[in-house]
Amino acid sequence: MSYRFLIVGVFLASLLAGCAGLTGGSDKSQPKVAAAACVWPGTSQTAPGWTCDEPVEGVEVSAVGIYEKTAAGLQFQKDQATAAARIVLAQQMRVHVTNMIKQYAEVTGAVSSETVDKVNTSVSKLITNETLDGSRVFRSAVSPAGSLYVLVGFDPKLVSRKTEDVIKTSMNNDRALWQQFKAKQAQDELAAAIAAGQASKP
């Protein structure tokens with residue numbers, strides 16, 4: 001008798017396990033795709049997200065600079081990493097400003113794409129090291145290999161002011177080109193509207 005009950009018990013346990021697999025346990029049969037982790041190069045150790053270019057709250061435009069471990073010391077390493085980041089930051093600012101101009105032109109429908117390209121070329125030339133004044137180091141971290149990573153950028157208010165300043169300078173340098181925008185606003189108002197991303201159809 002005990003042997004027969006044992007067989008029945010095993011059968012019932014198997015049946016219940018199978019039912020669980022068809023109901024609540026079905027999710028387990030479909031493995032979830034894990035988000036790609038940010039890790040230090042050459043390791044499986046987790047690194048801060050910003051070192052993989054993830055956005056950082058409160059930093060509107062940013063760039064990461066890296067410098068390998070050196071016998072010259074940490075301060076030298078930081079200076080070099082910051083300088084490297086600023087080179088990339090200048091390019092990021094060019095992208096930001098030209099995108100703001102394109103966005104304004106698309107919403108208002110004021111000018112042709114050819115004119116927008118010419119305006120963006122004019123503006124891009126004005127974004128130099130001087131434009132980066134006010135940028136600062138927001139984050140820093142040392143990798144397991146000893147390389148120093150720094151995040152250099154601008155806060156949102158400063159980005160808006162820098163964008164507006166560059167656009168105004170371009171307007172003064174290329175008045176005829178900017179007049180093709182046919183905007184109702186004065187130049188200062190137009191520059192402020194573009195920098196703030198405030199475009200409305202006429």
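Colleague: Hi! Which side chain does the side chain of Ser170 touch in a polar contact at 2.8 Å?
Modeller: That would be the side chain of Ser122. Keep in mind that we are looking at a predicted model.

Colleague: Okay, and what does the Ser170 side chain do with Trp178?
Modeller: The two side chains make a polar contact as well, at 2.9 Å.

Colleague: Where is Ser170, by the way?
Modeller: Look in helix H4, which covers residues 156–173.

Colleague: Is Ser170 buried or exposed there?
Modeller: Buried, because its relative accessible area is 0%, and the cut-off for buried is under 20%.

Colleague: Which residues is Ser170 in contact with, leaving aside neighbours within four places in sequence?
Modeller: Those are Ser122, Val123, Leu126 and Trp178.

Colleague: Let's switch to the largest nonpolar core. Which of its residues touch the most other members?
Modeller: Trp178 turns up again here, together with Ile101, Ile167, Phe181 and Ile194, in a core of 34 residues. Elements giving two or more residues to this core include strand E1 (61–67), helix H3 (113–124), H4 and helix H6 (187–195).

Colleague: And which element gives the most?
Modeller: H2, with 10 residues.

How values were computed:
Residues numbered from 1 in each chain as written. Predicted model: local features only at pLDDT ≥ 70, side-chain atom pairs only at ≥ 80, totals over all residues. Heavy atoms only, no water. Helix = DSSP H or I, 4+ residues; strand = E, 2+ residues; numbered from the N terminus. Buried < 20%, exposed > 50% of the residue type's maximum accessible area, 1.4 Å probe, protein only. Polar contact = N/O pair within 3.5 Å; in protein donor to acceptor, adjacent residues only side chain to side chain. Contact = heavy atoms within 4.5 Å. Core = buried A, V, L, I, M, F, W, Y, C linked by side-chain atoms within 4.5 Å.
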